[in-house]
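Have a look at the view below, then follow the points in order.

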Amino acid sequence: MIPFAGAVLVFAACLATAAHAQPAPPYAPITAPLSIDQVPGKPVWYSTGNPGVPGRDNEGNTSNAGFIVTTEGVVVFDALGTPSLGWAMLQEIRKITDRKIRYVVASHYHADHIYGLQAFRDHSDALIVAQERAGEYKDNEETADEKASQRLDQRREALYPWVDKYTRVVPPEITFRDRMTITLGDRRLTLLYAGPAHSSSDLMMLVEPDGVLFAGDIVQNGRIPHMNSDDVSTTQWLAALGEVERLDPKFIIPGHGRASTEAKQAIAFTRDYIEHLRSVMAKAVQDWTDFAVAYEATDWSNYRDMPAFAANNRGNAYRIYLELEQSQFKAGKQ
């Protein structure tokens with residue numbers, strides 16, 4: 001039998017252990033922890049996802065996300081691709097600070113960036129911010145960009161149990177058209193609309209005075225982007241990359257792939273890939289060459305071994321073929 005004093009000590013020890021224990025996850029637990037890094041010398045942290053496509057092997061953790069700790073609270077950029085990953089990000093934030101999470105900024109409404117919003121909506125008081133066209137993802141299930149209900153059904157099968165029947169799309173509470181500034185404590189966050197480029201609602205966020213740019217999927221460093229969507233505009237995408245170059249960030253965090261102090265190199269990878277696709281497909285359209293013939297005749301050796309090449313490249317090439325074919329048709333009618 002434990003003496004009373006000993007019982008008190010045991011009880012106190014249990015309380016202390018409980019106080020420092022992580023809360024039980026309300027979603028299916030992930031088996032691999034998030035990879036969290038800090039921008040050197042800055043109150044900015046980021047998570048780097050697997051560069052492939054979402055699947056059971058990576059548990060849907062394919063995109064990047066991050067957060068900024070200011071003197072008056074936390075701002076999160078993107079929420080990852082499952083509620084389980086959003087919860088894991090929330091716990092990583094709590095390891096670093098107990099300051100209130102004030103905002104979660106969504107770079108765009110694609111599944112691999114937004115399903116984690118559910119964790120922040122249900123377990124924090126954060127306001128969700130997005131560009132105004134993000135509302136189309138919820139309002140219209142048949143948007144050309146990505147059919148919300150169809151994608152959710154696909155992910156419930158491909159990413160179960162991390163995406164399940166309880167997973168839902170969480171809409172933004174604050175939207176803007178072209179530009180929005182969040183001043184929070186000692187940091188100024190400038191949100192810039194960059195689309196429609198990769199999606200209809202692309203935005204980027206510049207953290208000042210640190211010179212850190214969360215570029216969303218406008219920049220994908222060392223990974224073949226997904227471009228097979230009716231809302232993709234490679235013309236606007238290239239213009240957005242020019243805007244990133246003009247911002248001249250000291251540190252860039254892309255939507256997928258490696259974060260870097262060499263912003264120009266990260267920009268160049270995405271730009272070179274888009275320009276290569278446009279060049280070979282423009283010649284095919286001009287010569288009236290069938291797409292399949294043009295695709296098979298193209299040298300893809302610079303990209304064939306890149307993550308997501310097999311999943312994305314052919315569809316990307318076809319989408320650009322159609323985009324340029326349509327442009328030529330319109331030019332011919334004028």
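This is a predicted model: local features need pLDDT of at least 70, side-chain atom pairs count only at pLDDT 80 or more; totals for chains, interfaces and linings use all residues.

**Notes on the sheet and the chain**

1. Seven strands form an open sheet in the order β1-β2-β3-β4-β5-β6-β7, and their pairing is mixed. Strands of a sheet pair through backbone hydrogen bonds, either parallel or antiparallel.

2. Which strands stand at the edges of this sheet? They are β1 (36-38) and β7 (174-176); each has a single partner strand, so one side of each has no neighbour in the sheet. On average, neighbouring strands here are turned by 20° against each other, direction ignored.

3. Strand β6 (residues 127-131) runs parallel to β7, and three bridges join the two. Within this region, Val129 stands opposite Ile174 in β7.

4. What packs on the sheet? Helix α2 (residues 83-96) does, touching β1, β2 (44-47), β3 (65-70), β4 (73-77) and β5 (101-105). The direction of helix α2 makes about 30° with that of β3.

5. Stepping back to the whole chain, you will find 10 helices and 12 strands. Of the 334 residues, 53% are buried. Taking contacts between residues at least 6 apart in sequence, 68% join residues at least 24 apart.

Technical notes
Residues are numbered from 1 along each chain as its sequence is written. Side-chain values use heavy atoms; hydrogens and water are left out. Helices (H or I, at least four residues) and strands (E, at least two) are DSSP runs, numbered from the N terminus. Buried means under 20% relative accessible area, exposed over 50%, partly exposed in between (1.4 Å probe, protein chains only). Contact means heavy atoms within 4.5 Å. Two strands pair if DSSP finds at least two bridges between them. Axes are lines fitted to C-alpha atoms, for helices over the stretch in contact, and angles run from 0 to 180 degrees between N-to-C directions.
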